[in-house]
Amino acid sequence: MTKKLLFSWLLLAVCCLPVLAQIQEPVKFKTEWKTLSDNEAEIIFTGTIDEGWHVYSTDLGDEGPTQASFNIDAIKGATLEGKLMPRGKEVDKMDPVFDMRVRYFEKQAVFVQKVKLQGGEYRLAGYLEYGACNDENCLPPSAVEFTFNGTAAATAAAAPTTDAPEKTEPDETAAETTGATAADAPAALEGTADYWKPVVNELRSMGEQVQASDLSWFYIFGMGFVGGLLALFTPCVWPIIPMTVSFFLKRTKDKKKGIRDAWTYGASIVVIYLTLGLAITLIFGASALNALSTNAIFNILFCLMLVVFAASFFGAFEITLPSKWSNAVDSKAEQTTGLLSIFLMAFTLSLVSFSCTGPIIGFLLVEVSTTGSVVAPAIGMLGFALALALPFTLFALFPSWLKSMPKSGGWMNVIKVTLGFLELAFALKFLSVADLAYGWRLLDRETFLALWIVIFGLLGLYLLGKIKFPHDDDDTKVSVPRFFLALFSLAFAVYMIPGLWGAPLKAVSAFAPPMQTQDFNLYKNEVHAQFTDFDAGMAYARQQHKPVMLDFTGFGCVNCRKMELAVWTDQKVSKLMNDDYVLITLYVDEKTKLPEPIKIQENGQERTLRTVGDKWSYLQRSKFGANAQPFYVLIDNDGMPLNASYSYDEDIQKYVDFLETGLKNYK
């Protein structure tokens, strides 16, 4: 019964995911009137911000993200004193997308506006506008409306009555609770009733796509497992396997006990490395790990760390722990018996093999830590430990396999040097993040690609035996596997050469700097919006008998730019969008004022649309039940969806399928 109940809950959660993934409310503001003196007061806005999100501060400029601003609709018996001021700890950093420094708040944001009271009755009504983003999405500009009124005496300011609702973003059932229909459209939107009609239920019936994280747990586990397999074939680990397994099988006449001890030894390795992963999580925590992904100083340190690891693998020096540590643990293992003795032997292996496993573990932890996932280090280390422990248990179960093990030799050093080249290449990735953050422009896209071309070209020459390192033997023969690895490395280097002139290079788009850092670009395959007005675009599409692609975006949307550079530039994608669709791009943070404010009813409350961006944001929420960008949806000439919507996912084939399915359903 319990299992059935648990399964039912899991099934319910999975079914609800498409809905929960759309409407997001990561920031909740409250307002407060604070009396300072007889003729002075403050309006305080305090926002609670969900983990991973941030709210931008004030005075960032018109070219940057949506900044916090104080706006007055009506004021009587009072004047504003100064401008809106931020309070608390701000994060100040270089944003590579806007190419400017930005300031924002995490966890909590506080903004204060001082007010001068003139005596007698007073009334203030207006709103705080702010922008919120995380690493994947940006919300449209949001408003925190307020109304304060009261009487200010000569000696004391009376406590005002207040009607200050918190931010009223819709929840996951917004379209149902508001009852928004075409008939409810305000007067300024009349004449477009069919286009503005909500289609939330139709989208749900088509199956909304749930946005996936950058690195799934399975991917992180697999990356750790591959790292563990590579560590097995290094000179520090491979020769120890037969000695250790033979020791367990010979230490007792009971074969079953020997096998059980070998299993215990493997399990001890898993426990040791899993504990290391959990320790990283506990020491840094989720918020700190998330900050590593964009922190310039940490990325520079990661770059230097990987360069040191690469030099170690090349043979410049050995990274070893103090010998007294391994000697102390080894002596303890000899003095103890039972499970503790086996565990200490596994710990000795971890210490002795650190010169080979350390750089691999370091790279793994650096890579998964910058994903921002609190469990990523533990999952990665679990995969690494399982791969490392696997041969000890398998050879204990099947001891005859020991005879077929390849002998130790120079091939293990080839693996070490190859890993050194790879770590050197990935070091440039972290240096690129710091370069973009500070705006140094030292590592533009073509510079990055040139370095990668050289690195993988040299790796190919090394594998062919044309380059030697200190620990390489004099054997000039090149094995067949080594030849094919050299072929792959040299081919990869040649593949990247057209990127120096602007070719998109989809295989390295996740590592290379963005296309806009390219100084010399012969590649012109861009997609531009035909309309930035919904109603005008819909009228044109009906006249031309073409389906419509709605692109809800924002000037402050980082992932919108990523999609436009990595996906829209694909030849097949651009051809479909340019030839078969009418592209309407709607900026939800556009500041252009509407001819006059529009009053709408949403979530049972009256709201005011003041800007063009407000209008498009309301369209996205009311019609499609979503409020995050990027958000792509295909509709016919009556405003009805042609298939499920699409969010941030740089898989080009998925995007092509998305466009082709919509076109097929339209026809």
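# Close-up views of a predicted protein model

**View A. A salt bridge joins Asp-59 and Lys-83.** Asp-59 is partly exposed, with a relative accessible area of 49%; this class lies between buried (under 20%) and exposed (over 50%), computed with a 1.4 Å probe on protein chains only. The model is predicted: local features need pLDDT of at least 70, side-chain atom pairs count only at pLDDT 80 or more, and totals for chains, interfaces and linings use all residues. Residues are numbered from 1 along each chain as its sequence is written, and side-chain values use heavy atoms, with hydrogens and water left out. In the bridge, the closest N and O atoms of Lys-83 and Asp-59 are 3.2 Å apart; a salt bridge is a side-chain nitrogen of Lys or Arg within 4 Å of a carboxyl oxygen of Asp or Glu. The pair links distant parts of the chain, 24 residues apart: Lys-83 belongs to strand β5, and Asp-59 to the loop between β3 (54-56) and β4 (69-76). Helices (H or I, at least four residues) and strands (E, at least two) are DSSP runs, numbered from the N terminus.

**View B. Glu-42 and Arg-87 meet through their side chains.** Their salt bridge has an N to O distance of 2.9 Å. Glu-42 in strand β2 (residues 40-49) and Arg-87 in strand β5 (residues 78-87) are 45 residues apart, and the pair links distant parts of the chain. Glu-42 counts as buried at 4% relative accessibility, whereas Arg-87, at 39%, counts as partly exposed. The structure holds nine salt bridges.

View C. Lys-575 counts as exposed at 54% relative accessibility, and Asp-579 as partly exposed at 41%.

**View D. The second largest pocket has a volume of about 720 Å³.** A pocket is an open set of points, on a 1 Å grid over the protein atoms alone, where a 1.4 Å probe fits and protein lies on both sides within 12 Å along at least five of seven lines; lining residues have an atom within 4 Å of a point. Grid points are joined across faces, edges and corners, and the volume is the space filled by probe spheres set on the points. The lining comprises 28 residues, of which Val-414, Thr-418, Leu-463, Arg-482 and Leu-485 lie nearest the centre. Helices α13 (410-438), α14 (445-463) and α15 (480-496) each supply at least two lining residues, with the largest share, seven residues, coming from α13. By class, the lining has 16 nonpolar, six polar and six charged residues; Ala, Val, Leu, Ile, Met, Phe, Trp, Tyr, Cys and Pro count as nonpolar, Asp, Glu, Lys and Arg as charged, and the others, Gly among them, as polar.

**View E. Ile-455 lies in helix α14.** Ile-455 is buried, with a relative accessible area of 9%. Leaving aside residues up to four places away in sequence, Ile-455 touches Phe-421, Leu-424, Ala-425 and Leu-428, a contact being heavy atoms within 4.5 Å. Ile-455 and Ala-425 are 30 residues apart in sequence, yet their C-alpha atoms are 6.8 Å apart in space.

**View F. Asn-71 lies in strand β4.** Asn-71 counts as buried at 18% relative accessibility. The side chain of Asn-71 reaches the backbone oxygen of Ser-69 at 3.3 Å. Apart from residues up to four places away in sequence, Asn-71 touches Gly-126, Tyr-127, Glu-129 and Phe-146.

**View G. Lys-107 and His-545 have positive phi angles.** Most residues other than glycine have a negative phi. Lys-107, with a phi of about 70 degrees, is found in the loop between β7 (100-106) and β8 (108-117). Lys-107 is exposed, with a relative accessible area of 52%. His-545 has a phi of about 55 degrees and is found in the loop between α16 and β13 (548-553). At 59% relative accessibility, His-545 is also classed as exposed.

Notes
Polar contact = N/O pair within 3.5 Å; in protein donor to acceptor, adjacent residues only side chain to side chain.
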